[in-house]
Amino acid sequence: MSVRVRAARLRALLLTLVSFLVVAGTSTGCAGGGGDRPRIVVTTNILGDITREIVGSEADVSVLMKPNADPHSFGLSAVQAAELEGADLVVHNGLGLEENVLRHVEAARESGVAAFAAGEAADPLTFHADEEGGPGDGAGAPDPHFWTDPDRVRTVAGLITDQVVEHVDGVDEKAVRDNAERYDGRLADLTAWMGKSFAAIPEGRRALVTNHHVFGYLADRFGFRVIGAVIPSGTTLASPSSSDLRSLTRAMEKAGVRTVFADSSQPTRLADVLRQEMGGDVDVVPLYSESLTEKGKGAGTYLEMMRANTSAMAEGLTGD
């Protein structure tokens with residue numbers, strides 16, 4: 001082989017090697033860039049949807065709670081727990097909602113991660129004695145279910161926006177605030193539409209019985225009476241006693257209420273028991289109260305969930 005041929009082959013080999021290194025470096029750079037993108041971790045899927053509407057494409061938003069899960073009982077894998085401590089910002093509900101997750105949130109906060117407790121910033125209500133059905137468990141404790149009031153969600157969305165701008169480096173503040181402004185308008189429209197839909201319910205029928213206490217904020221915003229709950233508690237982890245059921249049955253009969261709204265993410269067994277207690281003449285209407293569904297399954301977003309619930313409640317309380 002001539003010296004010229006060997007030199008030509010050597011040059012070709014060097015060019016191939018250089019090209020490979022450039023491509024590899026570019027690929028590594030892209031991967032590193034994706035890993036370096038700002039990251040927000042959100043505990044519940046309702047808050048996750050709200051946060052994604054605000055953040056848009058400005059940061060990666062990771063949601064820990066799966067669709068159709070129960071916020072009171074879902075837990076984290078080791079990988080998910082590590083995500084919290086690697087986040088730029090953690091958004092959680094607080095007020096005791098994510099009962100199995102809060103210790104991980106606190107660990108992330110102690111390690112220096114910025115954390116925002118949405119429920120604590122939403123002017124929280126407290127659980128109170130049922131109007132007709134007894135004191136209920138946890139009376140006087142803060143109620144974490146603020147999202148059933150869309151006006152409080154407007155307040156929280158604004159505060160999440162401020163948290164993102166303040167704590168998440170690399171986001172475009174104008175883009176985030178523009179997203180938030182558009183979403184705020186949609187939330188305002190939701191409040192107006194819900195008020196109009198509920199206005200058709202006669203005053204005597206504006207009474208709520210649920211499978212556990214979850215709609216106190218909605219009742220406060222739109223003028224409903226809370227008669228009681230099958231589980232007289234703000235958490236699905238509690239269980240009713242026979243005396244709880246008897247008290248609620250008497251309260252429903254006194255108020256003339258024959259409709260029970262049950263969380264769609266929970267079995268309706270307890271509501272069915274109540275139906276049996278009252279002789280079978282009780283309508284059990286499922287609502288999406290504490291969790292979103294998969295996309296296209298009825299409540300894939302917060303706005304879809306609230307519109308579906310409003311329609312179901314208006315129909316359930318006005319039907320014969």
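**Parallel strands and salt bridges in a predicted model**

Strand β3 (residues 89-92) and strand β4 run parallel and are joined by four bridges, where two strands are taken to pair if DSSP finds at least two bridges between them. Helices (H or I, at least four residues) and strands (E, at least two) are DSSP runs, numbered from the N terminus. This is a predicted model, in which local features need pLDDT of at least 70 and side-chain atom pairs count only at pLDDT 80 or more, while totals for chains, interfaces and linings use all residues. Residues are numbered from 1 along each chain as its sequence is written, and side-chain values use heavy atoms, with hydrogens and water left out.

**Strands β3 and β4**

- Across the pairing, L89 stands opposite A114 in β4.
- From β3 the chain passes through helix α4 (residues 102-110) to reach β4, and this β-α-β crossover is right-handed (with the strands pointing away from the viewer, the path from the first strand over the helix to the second runs clockwise).
- In strand β4 (residues 114-117), A114 and F116 point one way and A115 and A117 the other way, and all are buried; buried means under 20% relative accessible area, exposed over 50%, and partly exposed in between, with a 1.4 Å probe and protein chains only.
- In a regular strand the side chains alternate between the two faces of the sheet.

**The salt-bridge network**

- The structure holds 12 salt bridges, each defined as a side-chain nitrogen of Lys or Arg within 4 Å of a carboxyl oxygen of Asp or Glu.
- One network of salt bridges links D123, D149, D151, R152 and R221.
- Within this group, the side chains of D149 and R152 meet at 2.9 Å, N to O; D149 is buried at a relative accessible area of 0%, and R152 also counts as buried, at 8%.
- R221 and D151 form a salt bridge at 3.6 Å, N to O; because R221 lies in helix α7 (residues 216-222) and D151 in helix α5 (residues 150-167), the pair ties together parts that are 70 residues apart in sequence.
- R221 is partly exposed, with a relative accessible area of 36%, and D151 is partly exposed as well, at 23%.

**A link between helices α2 and α6**

- The side chains of E53 and R186 meet in a salt bridge of 3.5 Å, N to O, and this pair links distant parts of the chain, with E53 in helix α2 (residues 45-55) and R186 in helix α6 (residues 173-198), 133 residues apart.
- E53 is partly exposed, with a relative accessible area of 28%, and R186 counts as partly exposed at 43%.
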